Amino acid sequence: MTNLALITGASSGIGLELARIHAARGGDLVITARRESALVALKAELEAAHGVTVHVVALDLGAAGGAEALIAAVDGLGSPVEVLINNAGFGGHGEFIARDLADDLAMIDLNVRALVILSHHFARQMAGRGRGRILNVSSTASYLPGPMMATYYATKAYVSSFSQALDEELRGKGVTVTALEPGPVATEFMDVAALGGTQLGRTRITAQSVAAFGYAAMLKGKLRAINDPMMRFALNWLAPFAPRRMVLRTVRRFQTKAG
Ligand SMILES: NC(=O)c1ccc[n+]([C@@H]2O[C@H](COP(=O)([O-])OP(=O)(O)OC[C@H]3O[C@@H](n4cnc5c(N)ncnc54)[C@H](OP(=O)(O)O)[C@@H]3O)[C@@H](O)[C@H]2O)c1
């Protein structure tokens, strides 16, 4: 197998577009998500268009044993994973105490726990071989606390912090870790997170553009990559110096539904 990439959450949105980019470069793929029919359709598209080999593993990555089952399926192929893209994730809107706790715990299981399990397994293999690329799809949400999406923002803060520390540990072993930190993107994420009616829900940024930006950042071994230059400036040079309560009120306003 050639330049095998494992991409989680490849049935839609940013993950699907990342799979298209990797296949167009001649790389083989393992694509995973819960919706098997979408994965099978993507496999047919990419194999026909690019002559690559695409393996489908349909499972719930957030469920107990999900990440371990994915690892067993990938290891069973007998080919090393050269590129790991931890992209699967979801958000949820609403005041924390009004939300169903089970939904927030499932978010932590997918956005954080599964990402940590996959990173541990495949980064070890990559370090042993002396090369590899990891792209963790975080968010601009990683820079701030997120009233009305408190758990989601905290999961992405974890992903960006974890990714940067891993990069420092692994870079000398030939492995880079990049945190892709998109601003709002027009994908199914908006419906899943129930963000209709908020300012975030009005974005026109496409999954294709964010995937292309993120894939290029991964190849360059960038540490953190925000696709939107205005947000990059605001999050790095304005938000850290603004009074924290003002920042919290501003984030809350962005995420409050028009009444
Ligand atoms: N859209 C945005 O505004 C935005 C902004 C910043 C960061 N992000 C991040 O970008 C990543 C991709 O999101 P997206 O915008 O492309 O949204 P999306 O279109 O909803 O894609 C999410 C992907 O994750 C998969 N997934 C969800 N739950 C899963 C589970 N339990 N097990 C396995 N796979 C699961 C989904 O597939 P199935 O439903 O088939 O399982 C889908 O392929 C996420 O980590 C998200 O947090 C998104």
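Reader: What should I know before I start?

Author: This is a predicted model, in which local features need pLDDT of at least 70 and side-chain atom pairs count only at pLDDT 80 or more, while totals for chains, interfaces and linings use all residues. Residues are numbered from 1 along each chain as its sequence is written.

Reader: In what order do the strands form the open sheet?

Author: Helices (H or I, at least four residues) and strands (E, at least two) are DSSP runs, numbered from the N terminus. Two strands pair if DSSP finds at least two bridges between them. Here seven strands make an open sheet, ordered β3-β2-β1-β4-β5-β6-β7, with parallel pairing. β3 (54-58) and β7 (224-225) each have a single partner strand, so one side of each lacks a neighbour in the sheet.

Reader: How many bridges join β2 to β3?

Author: Five bridges link β2 (residues 29-33) to β3. Within this pair, Val30 stands opposite His55 in β3.

Reader: At what angle do α1 and α7 pack?

Author: Axes are lines fitted to C-alpha atoms, for helices over the stretch in contact, and angles run from 0 to 180 degrees between N-to-C directions. Angles under 35 degrees count as roughly parallel, over 145 as roughly antiparallel, 65 to 115 as roughly perpendicular and the rest as oblique. α1 and α7 (residues 207-220) pack at about 60°, with axes 8 Å apart, and are therefore oblique to each other. Two residues are in contact if their C-beta atoms, placed from the backbone, lie within 7 Å. In this contact, α1 contributes Gly13, Ile14, Glu17, Leu18 and Ile21, while residues of α7 including Ala207, Val210 and Tyr215 take part.

Reader: How do α3 and α4 cross?

Author: The axes of α3 (residues 66-75) and α4 (residues 101-129) come within 9 Å and cross at roughly 30°. That makes the two helices roughly parallel. Gly66, Ala67, Glu68 and Ile71 of α3 meet Ala114, Ile117, Leu118 and His121 of α4.

Reader: Which residues come nearest to the ligand?

Author: A residue is near a molecule if its C-beta atom, placed from the backbone, lies within 6 Å of it. Of the 29 residues around the ligand, Gly9, Gly13, Arg34, Arg35 and Gly89 come nearest. α1 gives the most to this shell, with three residues.

Reader: How does the shell divide by class?

Author: Ala, Val, Leu, Ile, Met, Phe, Trp, Tyr, Cys and Pro count as nonpolar, Asp, Glu, Lys and Arg as charged, and the others, Gly among them, as polar. The shell has 14 nonpolar, eleven polar and four charged residues.
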